[in-house]
Amino acid sequence: MRVLHVLETLAAGGVETTFLHVLKHLSPAMTHDILAFADGALESEYRAIANHVTIARRTRDLEALLDDGAYDVAYILFERCAERLLPLLVSRTATAVVYGKNYDFSGQWRTTEGFQWTPDDAMMAACDGVTFTTPSLAAGYAPQERARGCVLGKGAHVTPLLSIDPPAAE
């Protein structure tokens, strides 16, 4: 199985660093390629463990990657990456697409602006699967998205940190 993991950047911090550690534990029987839209400090570490790393800044770079690679699955980890890549994936390939919901930015728009349909909803509807980081995030979406989804949980156990008192003002 050949998997394309799609990240915004290879910069250190956030989901990029967490996913680097996850990638180290994924099955070596599968081919794991990385697509990022910008380079960064983690590039050499990604190159050491992924089968192939592509940094694509232009649409023609994305088209060439999709034309050259026969991917079984594309796992898009960020909303902005889906906005750039999903139209090309669904129009040019038969690749199954999994969309990662780390945060609910579109949900914020729904509550503050009253929108009933967002580009994020359309992207989720076009994907074959959706991953959510928390059950409460998944619960905020329509049953059909939840039915095609999987709750992964947070990468770090943060509950003990919630009981720490804030620093005293000086």
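**Reading a predicted model**

Author: Let us begin with Phe37, which lies in the loop between β2 and α2; helices (H or I, at least four residues) and strands (E, at least two) are DSSP runs, numbered from the N terminus. This is a predicted model, in which local features need pLDDT of at least 70, side-chain atom pairs count only at pLDDT 80 or more, and totals for chains, interfaces and linings use all residues. Residues are numbered from 1 along each chain as its sequence is written, and side-chain values use heavy atoms, with hydrogens and water left out.

Reader: Is Phe37 buried or exposed?

Author: Buried means under 20% relative accessible area, exposed over 50%, and partly exposed in between (1.4 Å probe, protein chains only). Phe37 counts as buried because its relative accessible area is 9%.

Reader: Which residues does Phe37 touch?

Author: Contact means heavy atoms within 4.5 Å. Leaving aside residues up to four places away in sequence, Phe37 touches Val6, Leu7, Glu8, Ile55, Ala56, Arg57, Leu62, Cys81, Arg84 and Leu85. Of the pair Phe37 and Arg84, the C-alpha atoms are 9.6 Å apart in space, while the two residues are 47 apart in sequence.

Reader: How many bridges join strand β1 to β2?

Author: Two strands pair if DSSP finds at least two bridges between them. Six bridges join β1 (residues 2–7) to β2, and the two run parallel. Within this pairing, Val6 stands opposite Leu35 in β2. From β1 the chain crosses through helix α1 (residues 14–23) to β2, in a right-handed β-α-β crossover. A crossover is right-handed if, with the strands pointing away from the viewer, the path from the first strand over the helix to the second runs clockwise.

Reader: Which strand is joined to β2 by four bridges?

Author: That strand is β3 (residues 52–55), which runs parallel to β2. Val53 in β3 is the bridge partner of Ile34. The chain passes from β2 through helix α2 (residues 43–49) to β3, and this β-α-β crossover is right-handed.

Reader: What is the order of the strands in the sheet?

Author: The open sheet has seven strands in the order β3-β2-β1-β4-β5-β6-β7, with parallel pairing. Its edge strands, β3 and β7 (149–151), each pair on one side only.

Reader: How many residues of strand β2 are buried?

Author: Five of the six residues of β2 (residues 31–36) are buried. The His32 side chain reaches the backbone oxygen of Ser27 at 3.0 Å. Among the residues that His32 touches are Val3, His5, Leu23 and His52.

Note on methods: Polar contact = N/O pair within 3.5 Å; in protein donor to acceptor, adjacent residues only side chain to side chain.
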